[in-house]
Amino acid sequence: MATKAKKTPRKLARAQAFQFLYGLNFSPAMTIEALQEAYMTSPDNADKPEAQCQPEGFTWELIEGVWSNYRALDDVIAQFSRHWKVDRIGKIEITLLRLAVFEMLYRDDIPPKVAINEAIELAKQFGDDRSRPFVNGLLDAAAKALEEGKLEVKY
C-alpha cells in the first residue's frame, strides 16, 4: 500500500501563506523564480527535505495567487477602504486583506464567508485590537458587492 504525503490542513497552510506574504512586505520577490526560491528556503521549509518544500499545495497556491494578482487585489481593497489609501494600511492588515480578497475572487472552492472568518482569525492571532474590526468591515463590504455583482475587478 502506497503512503500519501500528509497534506497541511488549510488553516495552517493559510497561516503559513500569511506569514510568508507578510515577509514580502519587507523583502519583495521581483520574479516568480525569486518567489519560488524564497518559498523553498523559508523557515517553514527549513527542516524539510528539498523534495517536500517544492512550490506546490494550498500554501503555495495562496502565495503565488496573491503575489501574481496583488495589483488587482489592491484595487478591490481600495474600493472599500474608506478614509484609507491602500499604501497607508498596516502591513498585517493589507496582507490579511489581500489573502482573503484573493480567496473570494479567485478560489471557487472557498466561500467568501470562510475567507472572511479565516482572515478574522488570523487578525486575532497576528494583529492588534483594531485589526479584526477593520478587516471584518472591509471584507464584509467586498463580499456583499461580490454577491450583488457590483465588485469591479480590474486587470
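Ser42 sits in the loop that runs between H2 and H3. That's our way into this model, which is a predicted one. Each exercise below has a task and then a worked solution.

### Exercise 1: Start with Ser42

Task: Decide whether Ser42 is buried or exposed, and find the backbone oxygen that its side chain lies 2.9 Å from.

Solution: 
- Step 1. Look at the accessibility. Ser42 has a relative accessible area of 8%, and buried means under 20%. Ser42 is therefore buried.
- Step 2. Look for the backbone oxygen. A polar atom of the Ser42 side chain lies 2.9 Å from the backbone oxygen of Tyr39.

### Exercise 2: Count the pieces

Task: Work out how many helices and strands the chain has, and how the chain reads from one end to the other.

Solution: 
- Step 1. Count the elements. You get six helices and zero strands.
- Step 2. Read along the sequence. The pattern comes out as α-α-α-α-α-α.
- Step 3. Ask how much is hidden. The chain has 155 residues, and 39% of them count as buried.
- Step 4. Check how far apart the contact partners are in sequence. Take the contacts with a separation of 6 or more: 71% of these join residues 24 or more positions apart.

### Exercise 3: A charged residue on the inside

Task: Arg14 is also part of helix H1. Is Arg14 buried or exposed, and what does it touch?

Solution: 
- Step 1. Check the accessibility. Arg14 has a relative accessible area of 4%, so it is buried.
- Step 2. Look around it. Setting aside residues up to four places away, the partners of Arg14 are Phe58, Leu62, Leu99, Glu103, Ile110, Glu118 and Leu122.
- Step 3. Compare with Ala115, a residue of helix H5. Ala115 is buried too, since its relative accessible area is 1%.
- Step 4. Bring in Leu99. Ala115 and Leu99 are 16 residues apart in sequence, with 8.3 Å between their C-alpha atoms.

### Exercise 4: Find the core

Task: Name the residues that touch the most other members of the largest nonpolar core.

Solution: 
- Step 1. Start with the members. The core holds 43 residues, and the ones touching the most other members are Ile63, Ile77, Met104 and Leu139.
- Step 2. See who contributes. H1, H2 (32-40), H3, H4, H5 (112-126) and H6 (131-147) each give at least two residues to this core. H3 supplies the largest share, nine residues.
- Step 3. Zoom in on Leu139. Beyond residues up to four places away, Leu139 touches Leu97, Ala100, Val101, Met104, Ile116 and Ala119.

### Exercise 5: Explore a pocket

Task: Describe the second largest pocket by its space and its lining.

Solution: 
- Step 1. Take the space: about 480 Å³.
- Step 2. Take the lining. It has 21 residues, and those nearest the centre are Leu24, Asn25, Trp67, Tyr70 and Arg98.
- Step 3. Sort the lining by class. It has 13 nonpolar, four polar and four charged residues.
- Step 4. Trace the helices. H1 (10-24), H3 (57-80) and H4 (91-106) each supply at least two lining residues, and H3 gives the largest share, seven.
- Step 5. Step across from Trp67 to Met30. The two are 37 residues apart in sequence, and 9.7 Å apart from C-alpha to C-alpha. Met30 is in the loop between H1 and H2, and it counts as exposed because its relative accessibility is 70%.

Note on methods
Residues numbered from 1 in each chain as written. Predicted model: local features only at pLDDT ≥ 70, side-chain atom pairs only at ≥ 80, totals over all residues. Heavy atoms only, no water. 1 Å grid on protein atoms, 1.4 Å probe; cavity = no way out; pocket = protein on both sides within 12 Å on 5 of 7 lines; lining within 4 Å. Points joined across faces, edges and corners; volume = space filled by probe spheres on them. Helix = DSSP H or I, 4+ residues; strand = E, 2+ residues; numbered from the N terminus. Nonpolar A, V, L, I, M, F, W, Y, C, P; charged D, E, K, R; others polar. Core = buried A, V, L, I, M, F, W, Y, C linked by side-chain atoms within 4.5 Å. Buried < 20%, exposed > 50% of the residue type's maximum accessible area, 1.4 Å probe, protein only. Contact = heavy atoms within 4.5 Å. Polar contact = N/O pair within 3.5 Å; in protein donor to acceptor, adjacent residues only side chain to side chain.
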